[in-house]
Amino acid sequence: MTASSKPVGDHLREWRMRRRMSQMDLALEAEISTRHLSFLATGRAQPSREMVLHLSEQLEVPLRERNVLLVAAGFAPVFPERSLEDPGLAAARRAVEVILKAHEPCPALVVDLRWNLVAANAAIAPMLAGVDESLLAPPLNVVRVSLHPKGLAPRIVNLGEWHAHTIERLRRQAELTADPGLIALIEEIRGYPRPPAPDRRPEDFGGVAIPFQLMVGDSVLSMFGTTTVFGTPVDITLSELTLETFFPADAATAEALRAAHAARRA
(Lines give C-alpha, C1' and ligand atoms only; values in the text may rest on other atoms or scores of the structure.)
Protein backbone atom coordinates (compact mmCIF):
# COMPACT_ATOMS: atom_id res chain seq x y z
CA MET A 1 0.00 0.00 0.00
CA THR A 2 1.46 3.37 -1.02
CA ALA A 3 1.45 6.42 1.24
CA SER A 4 -1.35 8.07 -0.78
CA SER A 5 -3.55 4.93 -0.70
CA LYS A 6 -3.49 4.53 3.07
CA PRO A 7 -6.68 5.50 4.91
CA VAL A 8 -6.66 9.10 6.09
CA GLY A 9 -6.98 7.85 9.68
CA ASP A 10 -3.63 6.08 9.38
CA HIS A 11 -2.02 9.28 8.14
CA LEU A 12 -3.47 11.28 11.00
CA ARG A 13 -2.32 8.71 13.55
CA GLU A 14 1.20 8.68 12.11
CA TRP A 15 1.47 12.48 12.20
CA ARG A 16 0.09 12.57 15.74
CA MET A 17 2.76 10.12 16.85
CA ARG A 18 5.41 12.06 14.95
CA ARG A 19 4.39 15.23 16.81
CA ARG A 20 4.27 13.28 20.08
CA MET A 21 0.66 14.32 20.68
CA SER A 22 -1.84 12.14 22.45
CA GLN A 23 -5.30 11.72 20.94
CA MET A 24 -6.71 13.82 23.76
CA ASP A 25 -4.16 16.58 23.15
CA LEU A 26 -5.03 16.72 19.46
CA ALA A 27 -8.74 16.75 20.21
CA LEU A 28 -8.26 19.66 22.59
CA GLU A 29 -6.12 21.59 20.10
CA ALA A 30 -8.62 20.96 17.31
CA GLU A 31 -11.60 21.66 19.62
CA ILE A 32 -13.39 18.44 18.73
CA SER A 33 -14.43 15.51 20.89
CA THR A 34 -12.05 12.63 21.48
CA ARG A 35 -14.88 10.32 20.37
CA HIS A 36 -15.15 12.00 16.99
CA LEU A 37 -11.38 12.01 16.56
CA SER A 38 -11.31 8.32 17.43
CA PHE A 39 -13.93 7.63 14.77
CA LEU A 40 -11.83 9.50 12.20
CA ALA A 41 -8.69 7.63 13.20
CA THR A 42 -10.34 4.22 12.96
CA GLY A 43 -12.27 4.90 9.76
CA ARG A 44 -15.68 4.76 11.41
CA ALA A 45 -16.23 8.32 10.20
CA GLN A 46 -14.89 10.15 7.17
CA PRO A 47 -13.55 13.69 7.70
CA SER A 48 -14.73 16.61 5.62
CA ARG A 49 -12.24 18.53 3.51
CA GLU A 50 -12.28 21.31 6.10
CA MET A 51 -11.63 18.85 8.93
CA VAL A 52 -8.63 17.34 7.12
CA LEU A 53 -7.14 20.81 6.70
CA HIS A 54 -7.99 21.76 10.28
CA LEU A 55 -6.36 18.69 11.80
CA SER A 56 -3.36 19.05 9.47
CA GLU A 57 -2.86 22.59 10.72
CA GLN A 58 -2.99 21.51 14.37
CA LEU A 59 -0.44 18.79 13.61
CA GLU A 60 1.75 21.22 11.65
CA VAL A 61 1.78 18.84 8.70
CA PRO A 62 3.87 20.22 5.80
CA LEU A 63 1.81 21.48 2.85
CA ARG A 64 3.08 18.71 0.57
CA GLU A 65 1.79 16.09 3.03
CA ARG A 66 -1.49 17.95 3.53
CA ASN A 67 -2.19 17.27 -0.13
CA VAL A 68 -1.50 13.57 0.54
CA LEU A 69 -4.01 13.58 3.40
CA LEU A 70 -6.61 15.28 1.23
CA VAL A 71 -6.19 12.67 -1.51
CA ALA A 72 -6.40 9.88 1.07
CA ALA A 73 -9.71 11.35 2.26
CA GLY A 74 -11.04 11.52 -1.31
CA PHE A 75 -10.48 15.20 -2.02
CA ALA A 76 -8.39 17.04 -4.60
CA PRO A 77 -5.09 18.62 -3.49
CA VAL A 78 -5.37 22.35 -2.75
CA PHE A 79 -1.75 23.47 -2.34
CA PRO A 80 0.04 24.15 -5.65
CA GLU A 81 3.72 23.52 -6.28
CA ARG A 82 5.25 25.98 -8.72
CA SER A 83 8.75 26.89 -9.78
CA LEU A 84 10.14 29.98 -8.11
CA GLU A 85 10.31 31.39 -11.65
CA ASP A 86 6.52 31.13 -11.99
CA PRO A 87 4.93 34.58 -12.55
CA GLY A 88 2.62 33.89 -9.62
CA LEU A 89 5.61 33.84 -7.28
CA ALA A 90 7.19 37.02 -8.64
CA ALA A 91 6.63 38.92 -5.39
CA ALA A 92 8.27 36.17 -3.33
CA ARG A 93 11.17 35.96 -5.77
CA ARG A 94 11.76 39.71 -5.51
CA ALA A 95 11.66 39.49 -1.72
CA VAL A 96 14.31 36.76 -1.78
CA GLU A 97 16.52 38.78 -4.14
CA VAL A 98 16.23 41.92 -2.00
CA ILE A 99 17.12 40.07 1.21
CA LEU A 100 20.10 38.30 -0.36
CA LYS A 101 21.48 41.53 -1.82
CA ALA A 102 20.85 43.56 1.33
CA HIS A 103 22.75 41.02 3.43
CA GLU A 104 26.02 41.63 1.60
CA PRO A 105 28.89 41.75 2.48
CA CYS A 106 27.82 38.77 4.61
CA PRO A 107 27.00 35.42 2.97
CA ALA A 108 23.37 34.41 2.47
CA LEU A 109 21.66 31.67 0.51
CA VAL A 110 18.30 30.03 -0.08
CA VAL A 111 17.79 26.25 -0.05
CA ASP A 112 14.85 23.95 -0.64
CA LEU A 113 13.61 21.20 1.67
CA ARG A 114 16.46 18.86 0.70
CA TRP A 115 19.12 21.57 0.98
CA ASN A 116 19.58 22.08 -2.74
CA LEU A 117 20.75 25.60 -3.53
CA VAL A 118 18.03 27.85 -4.96
CA ALA A 119 19.77 31.24 -4.81
CA ALA A 120 22.76 32.92 -3.17
CA ASN A 121 24.36 36.33 -2.92
CA ALA A 122 27.81 37.31 -4.19
CA ALA A 123 29.52 36.54 -0.86
CA ILE A 124 28.96 32.79 -1.24
CA ALA A 125 31.06 32.15 -4.38
CA PRO A 126 34.48 32.96 -2.82
CA MET A 127 33.78 30.45 -0.04
CA LEU A 128 33.44 27.67 -2.62
CA ALA A 129 36.94 28.08 -4.02
CA GLY A 130 38.66 24.69 -4.20
CA VAL A 131 35.46 22.62 -4.04
CA ASP A 132 35.52 19.71 -6.50
CA GLU A 133 33.62 20.56 -9.69
CA SER A 134 31.47 17.42 -9.37
CA LEU A 135 29.93 18.83 -6.19
CA LEU A 136 29.09 22.15 -7.84
CA ALA A 137 27.02 20.65 -10.66
CA PRO A 138 23.28 21.37 -10.39
CA PRO A 139 21.51 20.66 -8.19
CA LEU A 140 24.21 21.89 -5.81
CA ASN A 141 23.48 20.44 -2.40
CA VAL A 142 24.67 22.76 0.36
CA VAL A 143 25.05 20.04 3.00
CA ARG A 144 26.97 17.78 0.62
CA VAL A 145 29.29 20.64 -0.41
CA SER A 146 29.87 21.50 3.25
CA LEU A 147 30.69 18.04 4.60
CA HIS A 148 32.02 16.03 1.65
CA PRO A 149 35.79 15.38 1.86
CA LYS A 150 36.13 16.98 -1.61
CA GLY A 151 34.05 19.93 -0.52
CA LEU A 152 34.53 22.42 2.29
CA ALA A 153 35.16 19.80 4.99
CA PRO A 154 39.00 20.03 4.86
CA ARG A 155 38.74 23.79 5.41
CA ILE A 156 36.16 23.79 8.21
CA VAL A 157 38.21 24.49 11.33
CA ASN A 158 35.59 23.13 13.75
CA LEU A 159 34.49 20.24 11.52
CA GLY A 160 33.60 17.96 14.43
CA GLU A 161 31.16 20.46 15.95
CA TRP A 162 29.73 21.52 12.59
CA HIS A 163 29.25 17.93 11.38
CA ALA A 164 27.42 16.95 14.59
CA HIS A 165 25.31 20.12 14.46
CA THR A 166 24.35 19.50 10.82
CA ILE A 167 23.46 15.84 11.35
CA GLU A 168 21.25 16.72 14.32
CA ARG A 169 19.52 19.48 12.40
CA LEU A 170 18.84 17.15 9.46
CA ARG A 171 17.64 14.43 11.82
CA ARG A 172 15.08 16.77 13.42
CA GLN A 173 13.97 18.00 10.02
CA ALA A 174 13.55 14.47 8.68
CA GLU A 175 11.63 13.49 11.80
CA LEU A 176 9.20 16.37 11.30
CA THR A 177 8.74 15.99 7.54
CA ALA A 178 9.36 12.26 6.95
CA ASP A 179 10.96 13.30 3.66
CA PRO A 180 12.79 10.34 2.04
CA GLY A 181 15.31 12.66 0.37
CA LEU A 182 16.41 14.05 3.73
CA ILE A 183 16.68 10.56 5.18
CA ALA A 184 18.86 9.50 2.22
CA LEU A 185 21.03 12.61 2.66
CA ILE A 186 21.63 11.77 6.32
CA GLU A 187 22.70 8.25 5.40
CA GLU A 188 25.03 9.61 2.72
CA ILE A 189 26.72 12.00 5.16
CA ARG A 190 27.15 9.24 7.73
CA GLY A 191 29.12 7.38 5.07
CA TYR A 192 31.71 10.16 4.78
CA PRO A 193 35.00 9.84 6.70
CA ARG A 194 34.23 10.47 10.34
CA PRO A 195 35.59 13.83 11.53
CA PRO A 196 37.27 14.30 14.91
CA ALA A 197 34.84 14.06 17.79
CA PRO A 198 33.56 17.45 18.93
CA ASP A 199 35.54 18.67 21.89
CA ARG A 200 33.11 21.47 22.64
CA ARG A 201 29.43 21.58 23.44
CA PRO A 202 26.84 24.22 22.40
CA GLU A 203 27.11 25.83 25.84
CA ASP A 204 30.83 26.30 25.24
CA PHE A 205 29.87 28.79 22.53
CA GLY A 206 27.87 30.88 24.96
CA GLY A 207 24.71 28.81 24.66
CA VAL A 208 23.66 30.78 21.57
CA ALA A 209 24.81 28.98 18.44
CA ILE A 210 27.66 26.94 17.00
CA PRO A 211 29.79 29.08 14.68
CA PHE A 212 30.79 28.05 11.18
CA GLN A 213 34.57 28.48 11.05
CA LEU A 214 36.05 28.27 7.54
CA MET A 215 39.60 28.76 6.29
CA VAL A 216 39.57 31.19 3.35
CA GLY A 217 43.07 31.84 2.14
CA ASP A 218 45.21 32.45 5.21
CA SER A 219 42.31 33.66 7.36
CA VAL A 220 39.62 31.96 9.41
CA LEU A 221 36.12 33.30 8.86
CA SER A 222 33.99 32.69 11.94
CA MET A 223 30.24 33.17 11.43
CA PHE A 224 26.94 32.53 13.15
CA GLY A 225 23.97 31.47 11.04
CA THR A 226 20.28 32.32 11.25
CA THR A 227 17.33 30.68 9.53
CA THR A 228 14.29 32.43 8.05
CA VAL A 229 11.19 30.86 6.46
CA PHE A 230 8.08 32.32 4.86
CA GLY A 231 5.53 32.85 7.60
CA THR A 232 2.21 31.83 6.01
CA PRO A 233 2.90 30.23 2.64
CA VAL A 234 0.08 28.70 0.58
CA ASP A 235 2.42 27.24 -2.03
CA ILE A 236 4.51 24.11 -1.49
CA THR A 237 7.60 25.67 -3.05
CA LEU A 238 7.54 28.66 -0.70
CA SER A 239 6.74 26.52 2.33
CA GLU A 240 9.91 24.47 1.72
CA LEU A 241 12.30 27.39 1.17
CA THR A 242 14.75 28.35 3.89
CA LEU A 243 16.86 31.49 3.92
CA GLU A 244 20.22 30.93 5.60
CA THR A 245 22.05 34.12 6.56
CA PHE A 246 25.47 34.37 8.18
CA PHE A 247 26.86 37.09 10.44
CA PRO A 248 30.46 37.67 11.53
CA ALA A 249 31.28 36.23 14.94
CA ASP A 250 34.31 38.46 15.46
CA ALA A 251 35.80 41.75 14.27
CA ALA A 252 38.40 40.11 12.05
CA THR A 253 35.71 38.22 10.10
CA ALA A 254 33.62 41.37 9.73
CA GLU A 255 36.59 43.24 8.31
CA ALA A 256 37.51 40.38 5.96
CA LEU A 257 33.97 40.23 4.59
CA ARG A 258 33.89 44.01 4.06
CA ALA A 259 37.26 43.93 2.28
CA ALA A 260 36.20 41.09 -0.02
CA HIS A 261 32.95 42.91 -0.82
CA ALA A 262 34.83 46.11 -1.66
CA ALA A 263 37.24 44.18 -3.91
CA ARG A 264 34.34 42.65 -5.86
CA ARG A 265 32.82 46.07 -6.45
CA ALA A 266 36.10 47.70 -7.47
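1. Helix 1 (residues 8-18) packs with helix 5 (residues 63-72) at an angle of about 150°, and their axes lie 8 Å apart. Angles run from 0 to 180 degrees between N-to-C directions, with axes fitted to C-alpha atoms, for helices over the stretch in contact. The two helices are therefore roughly antiparallel to each other (an angle over 145 degrees). Helices (H or I, at least four residues) and strands (E, at least two) are DSSP runs, numbered from the N terminus.

2. The model is predicted: local features need pLDDT of at least 70, side-chain atom pairs count only at pLDDT 80 or more, and totals for chains, interfaces and linings use all residues. Residues are numbered from 1 along each chain as its sequence is written, and side-chain values use heavy atoms, leaving out hydrogens and water.

3. On the helix 1 side, V8, H11, L12 and W15 meet E65, V68, L69 and A72 of helix 5 (contact means heavy atoms within 4.5 Å). Six of these contact residues are nonpolar, one is polar and one is charged.

4. An open sheet is formed by five strands in the order 2-1-5-4-3, with antiparallel pairing (two strands pair if DSSP finds at least two bridges between them). Strand 2 (117-120) and strand 3 (212-216) stand at the edges with a single partner strand each, so one side of each has no neighbour in the sheet.

5. Strand 1 (residues 108-111) and strand 5 (residues 242-248) run antiparallel and are joined by four bridges. V111 stands opposite T242 in strand 5. Helix 6 (residues 90-102) packs on the sheet and touches strand 1, strand 2 and strand 5; the direction of helix 6 makes about 150° with that of strand 1.

Definitions and conventions. Angles under 35 degrees count as roughly parallel, over 145 as roughly antiparallel, 65 to 115 as roughly perpendicular and the rest as oblique. Ala, Val, Leu, Ile, Met, Phe, Trp, Tyr, Cys and Pro count as nonpolar, Asp, Glu, Lys and Arg as charged, and the others, Gly among them, as polar.
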